[in-house]
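Biologist: Please take a close look at one helix-helix contact in this model. Walk me through the residues, then the geometry, then the chain around it.

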Amino acid sequence: MGISSVREQGLAWGSAFRKKPIFFMTVKETEAFFDGKLRKNMELREDTCTLSSNNSYRRQHTTYEISDRDKGSAFLDLNFLIKDETSSLKGSLSDEKDVDFYNFSIPFMNFQRNYFGVEVYIDMPEGCDYDLTLYDEYGNQVGKAEWDGEGRKKLNIPTWDIQTNKYCIKVENGNGAEVSPDDYYKISFHVSENEEHEKTDAIREAFGDLQNAYSRKDENWREYLDKYNAVLQETEKNYIKEMEQLHQKQFDSLPEARKYKGGRTLDELLRDMAEGKDLSDAEQEYVKIFANLKDYEKAEQKAELKNSFSDDFVKDLEGLGISRDDIEDMCVRIGSNGDVTVDGIEEETVRGQVQKLINEKYSDRMYQYYIGIADSVGNLSSNTYQYAVDIQEVRRYLKGVTGEDVSLENLYLTPDGKIGGLPGKAANLINNTKNNAKTERMRDALKNILGNIKVSGDLEVPDFASQFQFKDGVFSVLDSGFTVNMDALDRRLTPQSSGNMYSDMYQYQFRKVI
């Protein structure tokens, strides 16, 4: 069978699904469906009940609660909103400096993405002007919502390729005006026709040729692989070109006063940010357009830890009669179970007061800074990162419930899908509690942990402590690393292809950060 006939089959197959994409239900969606909890015009609630707050962009496995007084809550991810355009997510910014992140994936098959586009909408409270910014799985800024003439903002997810399917949206206060936690915004999605599908026809056709040749055990299937890889490389070049054109268009549309005309590089501006130096409005706009999400968020968190966080902490200490000099050279360690220890303060009473303050008010916030700044955590792949932060959340939850450290290695899944080996109170909460967002999150995290323990074999769980130093009047992160060989763990957790059509398939040179 020649290439042309294979393509004809692919075109016929594709045309059958051009009117409406095929969606497959997730496990949670299936459960909600059979429980009678799925309906039109549902409202997903912004998730704020876990250790990993939605101020972080690396929250791959987040579910959102849909409350029902009669049938109980359902817990769905953001992808559901692409499947059901009548439903939406309801969220709010706690103050004018708050930001919210939401991760999602395009939930239909790649060959269908050639024919469909996805639009994202944000409806805002009256008088508010929020920015809705889109990032791809590589951390590139690939879209910013604009007013659509109907009182809301809209952005189109790029259709530059059919490889990229993970995205993150960021909601923030655009004009710095005062906001209230009672001012709710609404995020919704709409699937539309991709009127420029010809631009990605070559990818779909080349993949169809390869798949057909491989499935029929064609001796020359590697020729199809070579052709597909060549198309992918060309697509990657076009992806970069489209992104650069988008960034330039965004820059050109700025008012003249907000166009950066200085000679400092992007890296230099990010270093200034990380050091807590104030950037001009033009510099800020430039960085927001061109910087990678990972680099931008890391610089911002370093600045917050050094400036506003350190100032807040010292003010609280001064209220206790403790000066900044009293804690100079102090080191803080927050264990994975949440236990706080403080070293470097000789006066026992002062050390106890500082430890109590961190434990009661600041430990969770410091943990967020640590996982955003420490390279040992930030440079992990998505699967390994999720495993590591799940360990932190579960250890703290179980310690809070039982008052003791629970060995995760001794836990197991029972035949009926429950978590075995938990102490009595924790077992009852985890396995029997229904319609509770935090319990649902812990249950999912434990199942993720147990699955990874099984795959990782003799390697221990990826434990780490969040460590900080207070020097010259400000906090900084001390990267403590892990107790496990993370490279070896990552290799075990990352699916490997060998000897098949996927093993030598070209991979984009972008590094995935989501």
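Modeller: Asn383, Thr384 and Tyr387 of α12 meet Met486, Leu489, Asp490 and Leu493 of α15. Contact here means heavy atoms within 4.5 Å. By class, the residues of this contact are four nonpolar, two polar and one charged. Ala, Val, Leu, Ile, Met, Phe, Trp, Tyr, Cys and Pro count as nonpolar, Asp, Glu, Lys and Arg as charged, and the others, Gly among them, as polar.

This is a predicted model: local features need pLDDT of at least 70, side-chain atom pairs count only at pLDDT 80 or more, and totals for chains, interfaces and linings use all residues. Residues are numbered from 1 along each chain as its sequence is written, and side-chain values use heavy atoms, with hydrogens and water left out.

Now the geometry. Helix α12 spans residues 382-402, and helix α15 spans residues 486-493. They pack at about 110°, with axes 9 Å apart. Axes are lines fitted to C-alpha atoms, for helices over the stretch in contact; angles run from 0 to 180 degrees between N-to-C directions. That makes α12 roughly perpendicular to α15 (65 to 115 degrees).

Next, the chain. The protein chain has 15 helices and 18 strands. Helices are DSSP runs of H or I with at least four residues, strands runs of E with at least two, numbered from the N terminus. Of its 514 residues, 49% count as buried (under 20% relative accessible area, 1.4 Å probe, protein chains only). The C-alpha atoms fill a box of roughly 80 × 65 × 50 Å, taken along the principal axes.

Key:
Angles under 35 degrees count as roughly parallel, over 145 as roughly antiparallel, 65 to 115 as roughly perpendicular and the rest as oblique. Buried means under 20% relative accessible area, exposed over 50%, partly exposed in between (1.4 Å probe, protein chains only).
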